[in-house]
Structures are given as structure tokens and as C-alpha cells.
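Welcome! Here are a few exercises to work through with the model in view. Try each task before reading its solution.

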Amino acid sequence: MLSAAGHEIENAAGTNIAMKIIRAEHLGMCFGVKDAIALAIETARHEPLTILGDLVHNQTVLAELKERGIRFEADAEEVGTGTVMITAHGASGRKLGAVRARGLAVLEATCPLVHVAHRAVAKLVSEGFHPVIIGKRDHVEVRGMTEDLAGFDVVLSEEDVAELRERPRFGIAAQTTQPIERVRELVGLIRKRFPKSDVRFVDTVCQPTKQRQHAAVELAQQCTVVIVIGGAHSNNTRELVQTCSRQCARVHHIQTVAELCEECFQPDDTVGITAGTSTPDSVIEAVARRLAQLASATDSSSNRKETTCNNG
Ligand code: SF4
């Protein structure tokens, strides 16, 4: 019932109806998050496990893991199990050392692409560059990238760049989930502001993020409404919302199918679906199924509904 990209939905009688549903070419959970969840589930089968921080910023996934007996703590001091897992976002050497100093066994689920970012920053520092991270200062991944550094800056806006102090050499890397266009723009601003400085940029934005961002732009350009599925606190989901909003006036961020604003659709809508890198397939499928039902219930001969949409 649900179409592949750009194909019209057909109703039960096989006649074409107007409302179309399109999925982004790349959407949903990335390999880094999938591997971390699989490791947590497998480990918890054999021994009690605590995860340090949120494994993913998605309440559906966290609730499922808690049901399996997996515990979550924000602080290593509070861990009551012998094994503690570091999330896909990674952690600094300082934090890992503090966990091991408590005699805990460390299970590392750090995404390999976060390791790449850590190594890139370490190399820049070893070559004499002052590290600048483009990202969210308080995000767990950015803390992991910076906690071992003697000095660093984190920027995310033009105002942040304006506050940078001049250095002979700037070494720039990015939080893996930042939109690459924003990263390039900020790198350009730093180069412009410090024309005498040696500015080196290492692109550490991960490929799954780039694919989802790029696919979201293509999707939103074809749609009259876009549904972005993902956790309220998921950084990359919120970035997808912003990206889609630049291309499409009607963008709705929902966490689960229960939040789908069913009055928000017109019979002639083209509805796009995309989802953040921590959104499980089951949540995407539930939304897709419900949209297909709505499409089936509405045929092209029906009167256009006058709707009031307060969502998104
Ligand atoms: S978003 Fe990118 S860096 Fe983060 S876990 Fe997924 S693949 Fe890895």
C-alpha cells in the first residue's frame, strides 16, 4: 500500500487517489546506533548492565531497553552493576579513566565515526593547531571530544565565531551530526575573520548524517508536508526539521504515530517521511502504515477538507 518514492498510493479498489506518500531515500537509525543497541541487548542477556547517559535520544528505544532490565545512570558514581557501557556518542579518556578507577568493566559502544572525530582532533592538537569544534557545547559527543583538551573552543553561530580569540593556527572539526552546510559556512567565517591564521578543517560529519540531510532536502522539495520522526531531544532529528523547513512550509516533528496530526492532511497532499538516526524502524513503519490508511480513506473525488493545523 505504501508507495516507493514518488508513486501514487492506490486505494482498495485499485483506483488512484490523490494523496501521495514518499519516503526519504535515507532515513532512520544509523549503523552506529543499531550496533550499540544490539551490543547492549546481547550483554544484558548474560550480566547486569548500566549504560552511562542516554544510549540514544529516543524514548521508545530507551523504554524497550529498560524493559529488558538495562539500567541508565548519568554519573559513573551511581553505577550499581559491574559492567558499564559507553554510548555511541563516545566519551573522553578522562571519563573512561574515572569509570575504570571505580573497578568497573567498560563496554565501549562508541561509534567508529566518533572515534574518527576524536582522532582528527588529537592529530590537529599534536600538530600545533588550536582546536575548534563546530557543535553543541553541552552535547555528550562534544564533551567527549573536548574533555581531554587543555584548551579549545566550541562554536555554533556567527556570534560564537565573533568571540574567538586570534590564534596562529586553528584546527577545526565538527560534531558528527551537524549539517555539513552549516559547518562549511562557519569554517568560512573563521577563515574570513582570521585571514592571517593558518586554518585547517577536517570534515568529521558522518556519512549517515550527510545522507539523511541530503535526502531530506530532496524529499522536502517534492512535498507539501513533511513528517520528521524522532526524539524531542535528538539533535540530528531537530536538524532534519530545520533542513526540511527551509524547503517546505508544513513540517511536523513527531516522536511516535500517536502524535501524528491526522487533521493536518489534505486529499491532494504529497506527504514526505524522514526520521533521525536514533529512530527505530518500528516507529517509522507505524507512521507509514497510518499515513497509508489515511490516504486510502481519502479519495481524489472527496471535497477538500478545510482543516486547522496547530501542529508543527
Ligand atoms: S550519527 Fe553518525 S557518528 Fe553518530 S552513531 Fe550514527 S553513524 Fe555514528
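**Exercise 1.** In which sense do strand β3 and strand β5 pair, and over how many bridges?

*Solution.* This is a predicted model, where local features need pLDDT of at least 70, side-chain atom pairs count only at pLDDT 80 or more, and totals for chains, interfaces and linings use all residues. Residues are numbered from 1 along each chain as its sequence is written.
- Step 1: find β3 at residues 49-52 and β5 at residues 83-86. Strands are DSSP runs of E with at least two residues, and helices are runs of H or I with at least four, numbered from the N terminus.
- Step 2: β3 and β5 pair in the parallel sense, over four bridges; pairing needs at least two DSSP bridges.
- Step 3: leucine 49 stands opposite threonine 83.
- Step 4: β5 also pairs with β6 (residues 105-108), in the parallel sense over four bridges, and there threonine 83 stands opposite alanine 105.

**Exercise 2.** Find how α8 and α9 are arranged.

*Solution.*
- Step 1: the axes, lines fitted to C-alpha atoms over the stretch in contact, come within 9 Å and cross at roughly 30°.
- Step 2: α8 is therefore roughly parallel to α9, a term for angles under 35 degrees on a scale from 0 to 180 degrees between N-to-C directions.
- Step 3: contact means C-beta atoms, placed from the backbone, within 7 Å; among the residues making it are Arg212 of α8 and Leu240 of α9.

**Exercise 3.** Which helix supplies the largest share of the shell around the ligand?

*Solution.*
- Step 1: α1 (31-46), α4 (112-126) and α8 (207-222) each supply at least two residues.
- Step 2: the largest share, three residues, comes from α1.

Notes. Parallel < 35°, antiparallel > 145°, perpendicular 65-115°, else oblique. Contact = placed C-beta atoms within 7 Å.
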